[in-house]
Amino acid sequence: MLLSPPDVGPLEESYVLDALRSGWVAPAGPHLEAFEREVAERVGCGHAVALASGTAGLHLALLAVGAGPGDVVVVPTLTFVATANAAVYTGAEPVFVDCDPATGNVDPDLLHELLRELRTLGRRVAAVLPVDMFGTCADYSRILPICADAEVPVVEDAAEALGATHHGRAAGSFGRAGVLSFNGNKIITTSGGGMLLSDDADLIARCRHLSTQARQPVPHYEHVEVGYNYRLSNVLAALGRAQLHRLDDIVARRRWLREQYAKLFAAVPGVRLLADGDWEANCWLTTVVVDPAVAGWRAADLAAHLAAQDIETRPVWKPMHLQPVFGGARALLTGAAERLFTDGLTLPSGYAMTESQLARVLDGIEQFLKSR
Ligand SMILES: Cc1ncc(COP(=O)(O)O)c(C=O)c1O
């Protein structure tokens with residue numbers, strides 16, 4: 001039983017076949033343009049550019065807001081490494097901030113304090129990069145005013161959050177730019193891919209230009225700056241369009257799975273669900289957080305029990321400030337991310353999990369709980 005495998009079927013086959021048979025196998029093509037339009041509509045953003053990965057989207061978004069050498073980019077310490085790497089690609093310095101233990105998302109009070117501290121130090125903060133962790137939106141009602149006061153643009157890492165909302169507004173639409181991922185394990189997939197969204201047409205035009213080797217619009221190959229080969233292909237966009245049609249279904253299913261886990265763990269002392277009660281989340285992955293002092297067991301014990309039954313689980317990310325590659329980086333910490341790393345466990349949350357597969361996972365967990 002895998003954590004979150006992709007699910008593709010006849011609809012995806014028909015879209016991809018259409019792309020292949022149409023002859024649009026080169027990067028450009030009608031599916032690519034339609035995919036951009038459809039995702040932008042879904043998220044409620046004016047403009048979008050489809051890219052080869054979410055990481056590429058983060059990189060271009062940071063370049064577009066002017067991040068570069070000497071600048072700081074504020075990054076949650078609890079994230080996937082791509083968020084921090086994108087800052088480094090621009091030459092900026094990632095500075096890490098801890099999370100709200102209830103959700104794993106950026107702690108707004110701490111962010112406020114960090115921005116004040118950086119200002120006192122005379123550092124230019126090129127961007128704040130909140131992450132919508134495991135498909136739960138960060139607290140933008142608080143983050144956006146804090147960043148606006150500090151005059152720092154927000155780039156939203158919504159890689160995992162397509163289909164989620166915060167107070168009714170869609171993930172990916174907060175900030176100057178938002179980034180989605182369509183990696184194989186994400187809520188919808190193009191096997192690999194991403195999208196950069198913004199209401200700023202110039203920003204998207206700039207990123208589109210940079211994503212195609214910054215080629216000048218003349219008949220020969222003319223370049224006045226360094227660009228990137230970051231564009232999504234028409235064939236993969238076709239796959240993405242089919243998946244997008246199924247998004248509501250996929251989110252509903254993952255929310256239902258979370259409910260089943262919530263019911264099972266409701267009466268278990270010392271165990272809670274991460275971002276519990278946020279039904280605006282897309283519930284991409286469901287995570288339990290175990291307080292070993294109360295529960296009498298550790299998240300790793302449950303992981304080992306389930307692994308023995310061939311059920312995949314995964315720890316929450318190891319925080320960036322603990323990663324050797326970011327050793328010595330500046331960080332404002334409370335210990336919340338470190339505790340989620342040791343106490344959190346992500347459970348199978350895939351769309352295609354059948355009733356009997358889910359029953360097997362729930363039985364495995366119940367057996368474990370009885371054995372304690
Ligand atoms: C939070 C987060 N940011 C960024 C990325 C990068 O996306 P991609 O794998 O499409 O480059 C991912 C997923 O892989 C992610 O989970």
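Q: Which orientation does helix α9 have relative to α13?
A: Residues of this predicted model are numbered from 1 along each chain as its sequence is written, and local features need pLDDT of at least 70, side-chain atom pairs count only at pLDDT 80 or more, and totals for chains, interfaces and linings use all residues. Side-chain values rest on heavy atoms, with hydrogens and water left out. The axes (lines fitted to C-alpha atoms, for helices over the stretch in contact, with angles from 0 to 180 degrees between N-to-C directions) of helix α9 (residues 247-265) and helix α13 (residues 355-370) come within 11 Å and cross at roughly 25°. Because angles under 35 degrees count as roughly parallel, over 145 as roughly antiparallel, 65 to 115 as roughly perpendicular and the rest as oblique, the orientation of α9 relative to α13 is roughly parallel.

Q: How many nonpolar residues does the contact of α9 with α13 have?
A: Contact means heavy atoms within 4.5 Å, and on that basis Arg 253, Trp 256, Leu 257, Gln 260, Tyr 261, Leu 264 and Phe 265 of α9 meet Glu 355, Leu 358, Val 361, Leu 362, Ile 365, Glu 366 and Leu 369 of α13. By class (Ala, Val, Leu, Ile, Met, Phe, Trp, Tyr, Cys and Pro are nonpolar, Asp, Glu, Lys and Arg charged, and the others, Gly among them, polar), the contact of α9 with α13 has three charged residues and one polar residue, while its nonpolar residues number ten.

Q: How many charged residues does the contact of α11 with α13 have?
A: Asp 301, Leu 302, His 305 and Leu 306 of α11 make this contact with Val 361, Gly 364, Ile 365, Gln 367 and Phe 368 of α13. By class, five residues in the contact of α11 with α13 are nonpolar and three are polar, and the number that are charged is one.

Q: Which helix gives the largest share of the lining of the largest pocket?
A: A pocket is an open set of points on a 1 Å grid over the protein atoms alone, with protein on both sides within 12 Å along at least five of seven lines, whereas a cavity is a set where a 1.4 Å probe fits but cannot get out, and lining residues have an atom within 4 Å of a point. The largest pocket holds about 560 Å³ of space, and of the 33 residues that line this pocket, Phe 80, Glu 160, Asn 185, Lys 186 and Trp 284 are closest to its centre. At least two lining residues each come from α3 (54-64), α4 (81-89), β8 (177-181) and β12 (314-315). The largest share, three residues, comes from α3.

Q: How many charged residues line the second largest pocket?
A: About 180 Å³ of space lies in the second largest pocket, where a volume is the space filled by probe spheres set on grid points joined across faces, edges and corners. Its lining includes His 112, Arg 116, Asp 149 and Glu 151, and its largest share, four residues, comes from α5. By class, the lining of the second largest pocket has five nonpolar residues and one polar residue, and its charged residues number six.

Q: What volume does the second largest cavity have?
A: Two cavities of 30 Å³ or more are found in the whole structure. The largest cavity, with about 70 Å³ of space, is lined by 14 residues, of which Pro 6, Asp 7, Lys 186, Ile 187 and Arg 254 lie nearest its centre. The second largest cavity, whose lining includes Thr 103, Met 133 and Arg 258, has a volume of about 40 Å³.

Q: Which residues does Pro 6 contact, leaving aside its neighbours within four places in sequence?
A: Pro 6 is one of the residues nearest the centre of the largest cavity, and this residue is found in the segment before α1 (10-22). Once neighbours within four places in sequence are set aside, Pro 6 is in contact with Gly 184 and Thr 189.
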